[in-house]
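Student: I would like to learn how the words used for a structure follow from their definitions. Could we go through one together, step by step?

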Amino acid sequence: MLNWIDTNPGRIYLVATLLPLVAFTLLLIGGGIRSACRPYRRQGGFADSLYWIFGGDKPLKTGAYLATVLMALAAVLGVTGLVLVLTDPSEGSLREDRWAERLTSWVHLGPDLPTPTEWDRKRESDPTPPPLVALKLELGYKIDHLAAVVFAMVTVISTLIFIFSLGYMQDETEVVVADHEVDRQTVGRHASGPHVGQHFQRRGRFGRFFLYLSLFCFSMLNLVIADNLFQVFVSWELVGICSFLLIGFYYERPSASTAANKAFIINRVGDAGFLVGIMIAWTYLGTLNFEEMFTRVRSPIADSHGVAQFPNQLIRANAAEPYRDGTPRYELPPRDEFGTGSHLILMPLVPEEPSHVHSPGYGPHRDQDFAVPASQNVTTYGAIPYWLFVVMGVGIFLGCVGKSAQVPLHTWLPDAMEGPTPVSALIHAATMVAAGVYLVGRSFPLFAPEVLLVIAYIGAITLFMAATIALVQTDIKRVLAYSTCSQLGFMMLALGVGGWVAGLLHLITHAFFKALLFLCSGSVIHGCHHEQDIRKMGGLRHKMPITAFTMLVGVLAIAGMPLLSGWYSKDQIIAAAMAYGLDHQHHFLLFLLPVLTTGLTAFYMFRLWLLTFTGSPRDTQVHEHAQESPRVMTIPLIVLAVFSIGVAWGWPLWNADASYLGEILKKSEPAAVAVAFAHEHETAHHYHLAAGGLALILAIIGAGLAFHYFSRRQPTPETMSAPGGAGYRFLLNKWYWDEAYDKGLVRPTIQLAQAAAAADKRPTDAPPPPGEPELPPKRFDLLTVDGLLNTVGQAVAGVGRWLRIVQTGQLRMYMLALALTAVLLLGILTALTE
Amino acid sequence: MSLPVVLFALLATVTAVSALGVVLSRNVVRMAVWLLFTLIGVSLLYLLLGAEFVGAAQLIVYVGGTLVLLVFGVMLTAQGPLRELRTPAAQLVVGGILGAILVSLLIVVSYHIVLPNPPEQDKLPGVASLGLAFLGVTETNPPAALTGLPEGTRVARTPVAYLLPFEIVSVHLLVVLIGAAYLARAKRRVQS
Amino acid sequence: MTELGLQPFLALSAFLFACGVVCIASKRNAIGVLMGVELVLNAANVNLVAFARYNPAFQLEGQVFTLLVIVLAAAEAAVALAIILNFYNNHATVDVDQADELKG
């Protein structure tokens, strides 16, 4: 067995990905058997004993322990894998063989492509295998440094959250759970039912939580190791479903079920764009494998004559006169117009002749002419209209917009806080929303400069807007949700302006401290007996010291205190943004907004911490009963705090560029980043200290202001609940996005549906009032759907009635008919043979 | 006007008139009598053509068997008003027209048939050959000319005999006997 | 016989056939219908024997066929009569116009 891993160490990741799936399957089977046996539970028999083996009336905790153990095992494998990736000395194609595999193809479309003739000719001298086959959808994995790091991060955080949930979801282990929130939300609705005056009660759902969580972990890990867009898409949808199931965990609450619907539908809108991108890629690039797509889209780095003139760039060309045999021809634009052109040239995946390759460029031995056959395939040059290439990039990015809650598809994330807090921590802070950023980072070479600009702007707008909304929210989890939204905007901005390493480093560090912050808030909520409103808290520092201290660590990390992990990544992002702003002065917003938001971030995070943990308690009831959470919940907090401090350290410690994690990530940076942003990287290097200093100053100002407003001047419950001015209300109502969507999209859809339904309804559907005659069906209906169908049926019946006349039952008629037929046939035959 | 022609004219007239009589008479008993004459005429035609055994069989089986059976049926069922049942005139006319068209069509077709020369002997094979054929002896078939081929071509035919149809028909008769006996068993008669 | 030719026999057979068909199509008495059937069969037999005589290829076959048809006609007449008697016993009539229970 060790040999199996020794030849392909990447298989460790395969095993680690499948472990949560094993947990999911076992839990599913156990739960299924238990619910199938439940009707027989008092009858004494085989089904009855099965029921009690699998838990009986009380949910069994074994399943949850099993899931946690398997997840921990996956984490161990993930970290081992990371160590192996970092210490593996192999290079080049040997490394690719060891860490990537294309496992199986689901669907094969079309015949295998014929090998180019030159390959056949030179096969004796060149042992490289001939190239690829037809279009196919496949499964496979590819582990590079980025994937290894993200994988380790996801598994470690998941394990910690699993352990946390064992304590947080204790309530669900009861046989009967009373959900007061359901009572509150459905008051007045069951006024006439059997539940009048009773509290809503349901059975505990402990195991189900871990079932969904395990499925989610499997899907997320599958997304991380995927090597092609199809597998990413499959995992994309799977995590969407798990998110839906988990947000709607308390589905009897109308708020939770609507929030789950909202999340799924908004994600779906993004996925539609994603599908458009995938389809364009499939059609023009002929493959969905990341490596192959990059090779197609970007020019080669070297050719048979040395280093290419334009290595790893997007080559644009114009359509020119076709060749004499009719093959369409594309031509590089004149030298001074290089970089413009109506089409993007796609490079062949495997050249006609492997030993003699030209690269695009000007001068002898460089291709200025590209012959693109009418039916392009992966072994020939191709041409995709440039605007379509941009649409492809935007499409893929739209998927990320939906998944990572960027403007305009961000409205689902705050509502997603209806789910239990561990869910918010894992899915909506650390992992699922990070999937969008991960995909943008992975598919960076596929994005045209226009698309990168769009990414940067959307990121900038999101980070600013979400931060302003977070300034005034009063629910702990909402503040953190908008904070997540804002930090994701930072990551997108970084990726858009060329800070590839910065953005992904922030992804990792943010995962740790945001998970920490969410788990701390969960601890607070648990300790205060499900109180989430910070207006009712205050002074909890003495009651919940561990939570308070670890949360402070998280707040400092997110605000960018030097030497904590958040500082390294945020510093690099601000440096990249500053460099971009300096190099492109008209895009100054891309620098201004993140810098401002750094201050805002510090302000609202400190506001949150100060209001919750310091000052005098605003609600004595809550304060009396508050208590520290049990060890099973505080230990993950401490572990996460340690990570939040030190995960991005490097040597020297005070140099933000020297982060060790950042260097690891740099090893898998696509060459396209350096090509596209060479000058910006130079500028960033020069102005590094200035950017860092600016960010630090603004963070200190923000923190100072927070201290001033919320620590020196103690806010009372009255001032906190007073209605503020128009600006305050604008922010409190989330910039009125939800209302705009409702008026602009939801209402018209419902009206359209009602109009369509009205066309089908007859006034006679309801019984007429007594004394009045029945109304005939509406004229519209007569002529269309119902009318047509009825006509068909009546026509058939009429023809049948007419044909019936022939069946008289009289022998003589039949005989006459027989004779007539015989005569006719005979006559025809005679006539024909005359 | 050789003898065969005269004889044919006579017999054909008798048969045709008797058949017409079957059609036109209204009384079912009279129909039976006309049918008798038709069948006898047909039998004589067979004899004229030289198929002696067939003619004899026609007389024995058809006239002496089937017709007697029909007469029995007439006897058992032609009570009172059932002896003469009238058809509406319109249907008679339609039937008549149809019949006329049929006859003319068939006669027109028959005039287009091209036949090869008749063989040297002017006679059909006799009873002996028939019997041997029924018993399965296959050499009784002479090589023959076929329609459509040029004059004088004789084709060697696959030797064929008729033992199997003979056996099948005998079993068939047995089955029919049993079936008819069952169908016509005595049952309570419905009060009319 | 040679100057007689085949056609007269075929004409006679056609006439008998037409009479038979008209008889079946116009008689109300079931036994009358049966007689029409007999006429049709006889017409066919005449046809067969005439061809046997005038076509050297069918000298034997024509007669064999005719004999088989005669036998089968007899069998069929027996069964038909049994059915008619049955019908008479059940409905007290042999009028075929009264046998229209298969009317659509």
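Tutor: Let us begin with chain A, which has 34 helices and 13 strands, where helices (H or I, at least four residues) and strands (E, at least two) are DSSP runs, numbered from the N terminus. This is a predicted model, in which local features need pLDDT of at least 70 and side-chain atom pairs count only at pLDDT 80 or more, while totals for chains, interfaces and linings use all residues. Residues are numbered from 1 along each chain as its sequence is written, chains are lettered from A and ligands numbered from 1 in the order in which they are written, and side-chain values use heavy atoms, with hydrogens and water left out.

Student: Why does Cys217(A) count as buried?

Tutor: Buried means under 20% relative accessible area, exposed over 50%, and partly exposed in between (1.4 Å probe, protein chains only). Cys217(A) has 1% relative accessibility, so it counts as buried, and Cys400(A), at 0%, therefore counts as buried too. In chain A, buried residues make up 52% of the 834 residues.

Student: How do you know whether Cys217(A) is in a disulfide or in none?

Tutor: A disulfide is a pair of cysteine sulfur atoms within 2.5 Å, and a search of the whole structure finds zero of them over all chains. For Cys217(A), the nearest cysteine sulfur is that of Cys242(A), 8.9 Å away, so by this definition Cys217(A) is in no disulfide. For Cys400(A), the nearest is that of Cys485(A), 14 Å away, and Cys400(A) is likewise in no disulfide.

Student: In chain B, what makes the buried residues of α5(B) line one face of the helix?

Tutor: In helix α5 (residues 127-135) of chain B, the buried residues are Leu130(B), Ala133(B) and Phe134(B). Seen down the axis, they fall within an arc of 100 degrees, so they line one face; the arc is that of the directions from the helix axis to the C-beta atoms. On the other side of α5(B), Ala128(B) and Leu135(B) are exposed.

Student: What do the buried residues of α5(B) pack against?

Tutor: They pack against α3 (52-77) and α6 (163-183) of chain B, together with α3 (59-91) of chain C.

Student: How many residues of chain B are in contact with chain C?

Tutor: Contact means heavy atoms within 4.5 Å, and by that rule 89 residues of chain B are in contact with 72 residues of chain C.
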